[in-house]
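Please examine the sequence and the model shown here. The paragraphs that follow lead through its contacts and one of its pockets.

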Number of protein chains: 2
Amino acid sequence: MSSTEISPLAPAASPSLPEIAGVRLATAQAGIRYKNRTDVLYVALAEGTEVAGVFTRSRCPSAPVDWCRDALKAGKGARALVVNSGNANAFTGLKGREAVSLTAEIAGQAAGCAPEAVMIASTGVIGEPLDARKFEGVLADCAARAEGGAEAWTRAATAIMTTDTFPKLATRRAAIDGVPVTINGIAKGAGMIAPDMATMLSFAFTDAALPQDVLQELLSAGTKTSFNCVTVDGDTSTSDTLLLFATGAAGNAAVTRADDPRLSDFRAALDDLLIELAQLVARDGEGANKLVTVEVEGAESDASAHRIAMSIANSPLVKTAVAGEDANWGRVVMAVGKAGEPADRDRLAIWFGDVRVAVQGARDPDYSEEAASAVMRRPEITVRVELGLGQGRARVWTCDLTKAYVAINGDYRS
Amino acid sequence: MSSTEISPLAPAASPSLPEIAGVRLATAQAGIRYKNRTDVLYVALAEGTEVAGVFTRSRCPSAPVDWCRDALKAGKGARALVVNSGNANAFTGLKGREAVSLTAEIAGQAAGCAPEAVMIASTGVIGEPLDARKFEGVLADCAARAEGGAEAWTRAATAIMTTDTFPKLATRRAAIDGVPVTINGIAKGAGMIAPDMATMLSFAFTDAALPQDVLQELLSAGTKTSFNCVTVDGDTSTSDTLLLFATGAAGNAAVTRADDPRLSDFRAALDDLLIELAQLVARDGEGANKLVTVEVEGAESDASAHRIAMSIANSPLVKTAVAGEDANWGRVVMAVGKAGEPADRDRLAIWFGDVRVAVQGARDPDYSEEAASAVMRRPEITVRVELGLGQGRARVWTCDLTKAYVAINGDYRS
């Protein structure tokens with residue numbers, strides 16, 4: 001699969017994103033690594049913008065991840081976001097720390113803010129020093145050009161792509177205590193490409209007025225049912241970053257607690273937007289031909305259900321079976337068994353789509369291979385497992401494992 | 001890769017196994033699933049044979065695994081071993097339990113022993129009922145024909161193959177308190193094949209005289225540095241079984257504790273044999289072109305080092321990079337980071353073979369891509385990670401992830 005072929009699982013059309021008061025965007029060609037394509041996104045954020053973030057759990061995080069964590073702790077909000085593709089600035093030691101500092105300084109000058117109010121994310125090669133001097137002049141120019149229209153959003157989502165085959169955008173509207181607010185989000189992520197590409201990045205923006213701690217609580221909760229439920233190959237990047245910015249321009253009433261009932265509509269809209277963005281990442285999984293939803297029910301707890309669902313979604317044998325359009329439920333049994341979570345073989349039931357293939361620890365006596373095969377030929381497949389132990393449930397998304405995945409990640413050299 | 005092509009990583013020659021007093025073997029065509037090939041191994045064991053076993057940690061174990069666990073608890077030793085390929089008798093419910101009972105009954109009649117002294121292992125399709133009546137007559141005939149010569153061992157290792165491309169045999173000699181003893185071992189395992197094949201099986205036999213508890217302790221310890229250190233795709237079978245039989249015919253002095261210094265030579269020989277068998281499994285990994293040894297040093301503990309090593313060995317991105325002969329150490333950093341174990345990015349050092357590619361959390365300034373690429377072109381590659389935190393170390397084996405793996409596990413239907 002070359003980068004000019006769009007994933008067969010891409011949505012028919014990308015949404016046209018509305019303006020978010022207080023958010024303006026611009027992209028540029030800084031020549032970080034790629035030629036003849038944009039590789040820098042600059043986002044100007046109005047004064048008073050609050051920000052929350054969740055990051056990779058990797059013990060070897062990239063320099064920008066370290067920077068953002070520190071900036072969030074400083075709690076000074078955000079006035080600018082800089083994202084580059086082509087170089088992850090990960091595993092770059094002291095030089096990497098110097099590169100993010102210089103990037104924040106250049107962006108701070110462009111935005112008229114302290115460096116600590118600049119959020120930074122990078123995606124691309126690991127281990128290559130990033131020459132941040134390439135941002136000189138470029139970011140100031142971006143700041144001058146930045147605008148808020150639909151095309152600017154699409155250009156933004158395109159500039160941060162690496163092996164992605166389509167830009168990923170989503171939008172939602174909600175009301176907080178009767179005041180309408182908007183949430184826009186963009187994401188990138190597909191897996192990896194030659195050599196060393198990684199990283200899932202996503203950025204969401206709203207005009208809602210919400211303090212940092214509330215924003216953080218909403219984002220952390222929403223991540224659990226969205227980005228933490230998507231896997232392409234089980235390989236966690238050094239750079240995964242999800243940031244949520246709130247400009248406050250909507251002028252809704254002040255809310256001080258995430259569990260304030262006036263936030264229920266906003267929370268639902270945010271959760272839904274994050275799920276859409278996460279699904280878009282699975283739809284663009286490297287080499288993917290099938291979108292797989294794994295649902296686990298009846299586990300001892302939600303956490304246990306999640307671990308079992310991820311064990312299924314990460315199993316190379318389940319994923320190659322899906323690629324081969326085989327209703328191979330024996331491999332699902334295997335993946336449940338290896339998860340290490342409470343499971344009673346003799347209570348297990350498994351469905352592909354609406355077809356129950358196994359029940360009470362054995363093949364369903366009424367199982368029709370023809371019906372199951374028909375399910376497997378669809379581009380979107382749900383695998384459901386009922387454990388029969390408790391009330392725990394989880395839902396995760398993945399894609400199939402194809403020769404194209406191996407080609408994308410192994411063929412670039414030999 | 002069809003089953004007639006032998007793995008490029010297969011040893012140049014299979015060893016010729018010596019006789020073990022008290023062990024006789026025979027194979028047969030029971031027509032379990034395959035045509036025109038042997039699919040049953042019967043091993044006759046002399047009276048007084050002790051047995052120890054380790055099994056899959058799957059929460060959905062096969063019926064034979066349940067049977068062996070119970071038989072070991074009964075502690076009556078072993079007089080026969082029956083292994084079939086073609087059907088794993090896993091996830092077969094009540095019918096599966098009845099099938100192992102009937103198998104043990106038929107084998108017990110052939111061996112002149114109680115059913116509880118029959119050990120059983122099965123490999124092949126998951127979820128298909130196994131018709132144990134096919135063993136009727138076959139096992140009695142095997143018992144009559146069983147013999148102990150080198151050819152019988154090779155035929156035994158061949159009968160238990162599924163997607164394996166070569167039979168796996170190993171042998172060691174040791175002395176216990178001056179008395180010479182022999183250990184023979186066979187193994188099967190490559191990954192999976194159409195549809196639902198699984199299972200790593202290994203059986204070791206010795207003429208040493210050792211009580212069950214000592215045997216179990218030695219086997220459990222040996223497993224930690226051998227079979228628990230090998231991974232092809234990270235997918236744990238429902239049927240993994242490793243059994244060690246000791247006939248006692250060597251007549252060595254009685255030993256009652258596994259830490260008896262008189263057992264040090266035997267222990268070393270057993271550990272070495274298990275490592276050789278485990279490596280043979282990695283060498284026959286589905287689609288494998290490269291044998292990869294992952295060494296982790298300087299971890300906080302051996303257990304931590306093991307988890308980091310397995311994170312590297314199971315990473316699809318590391319494994320596709322190896323397939324592509326790319327010294328992609330960024331992906332090794334990623335895999336260290338995602339293991340969730342203590343690691344300090346800025347102390348990490350990474351080697352491919354003898355070439356240090358990264359040090360102190362960044363690319364080695366003296367790194368030669370040419371030298372690293374030369375390492376990657378070899379059929380056997382060592383990836384070494386030094387964490388710089390403590391004394392913990394681990395060594396595991398895996399293979400590369402190639403398009404042939406996807407083809408073997410996904411192409412059989414579509």
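How many salt bridges does the rule find across the interface of chain B and chain A? In this predicted model, the number found between the two chains is 6. One pairing that can be located directly joins the side chains of E128(B) and R363(A), with 3.3 Å from N to O.

The contact between the chains may next be considered as a whole. Chain B contributes 68 residues to the contact, and chain A contributes 68 residues. The size of an interface is often expressed as the accessible area that is lost when the parts come together. For chain B and chain A this buried area is about 5,400 Å², and carbon and sulfur atoms account for 54% of it. On the side of chain B, the residues that lose the most area to chain A are R59(B), F91(B) and R345(B), which together make up 15% of what that side buries.

Attention now turns to chain A itself. Chain A is divided into two parts, namely domain 1 (23-283) and domain 2 (291-410). Taken over C-alpha atoms, the centres of domain 1 and domain 2 of chain A are separated by 33 Å. Where these domains of chain A touch, 16 residues of domain 1 and 15 residues of domain 2 take part in the contact.

The area buried between domain 1 and domain 2 of chain A is about 1,300 Å², with 55% given by carbon and sulfur atoms. Within the share that domain 1 of chain A buries against domain 2, C229(A), T231(A) and R283(A) supply 38%, more than any other three residues. The count of salt bridges between these two domains of chain A is 1. R283(A) also meets E380(A) in a salt bridge between their side chains, at 2.9 Å from N to O.

Which domains of chain A each give at least three residues to the lining of the second largest pocket? Both domain 1 (23-283) and domain 2 (291-410) of chain A do so. The second largest pocket holds about 460 Å³ of space. Its lining consists of 16 residues, and those nearest the centre are K224(A), T225(A), R393(A), A394(A) and R395(A). The elements of chain A that provide two or more lining residues are β10 (291-299), α7 (302-314) and β15 (392-399). Sorted by class, the lining of this second largest pocket comprises 6 nonpolar, 3 polar and 7 charged residues.

Technical notes. Residues are numbered from 1 along each chain as its sequence is written. Chains are lettered from A and ligands numbered from 1 in the order in which they are written. This is a predicted model: local features need pLDDT of at least 70, side-chain atom pairs count only at pLDDT 80 or more; totals for chains, interfaces and linings use all residues. Side-chain values use heavy atoms; hydrogens and water are left out. On a 1 Å grid over the protein atoms alone, a cavity is a set of points where a 1.4 Å probe fits but cannot get out, and a pocket is an open set with protein on both sides within 12 Å along at least five of seven lines; lining residues have an atom within 4 Å of a point. Grid points are joined across faces, edges and corners, and a volume is the space filled by probe spheres set on the points. Helices (H or I, at least four residues) and strands (E, at least two) are DSSP runs, numbered from the N terminus. Ala, Val, Leu, Ile, Met, Phe, Trp, Tyr, Cys and Pro count as nonpolar, Asp, Glu, Lys and Arg as charged, and the others, Gly among them, as polar. Domain bounds come from an automatic or database domain assignment. Contact means heavy atoms within 4.5 Å. Buried area is the accessible area (1.4 Å probe) that two parts lose on being put together, summed over both. A salt bridge is a side-chain nitrogen of Lys or Arg within 4 Å of a carboxyl oxygen of Asp or Glu.
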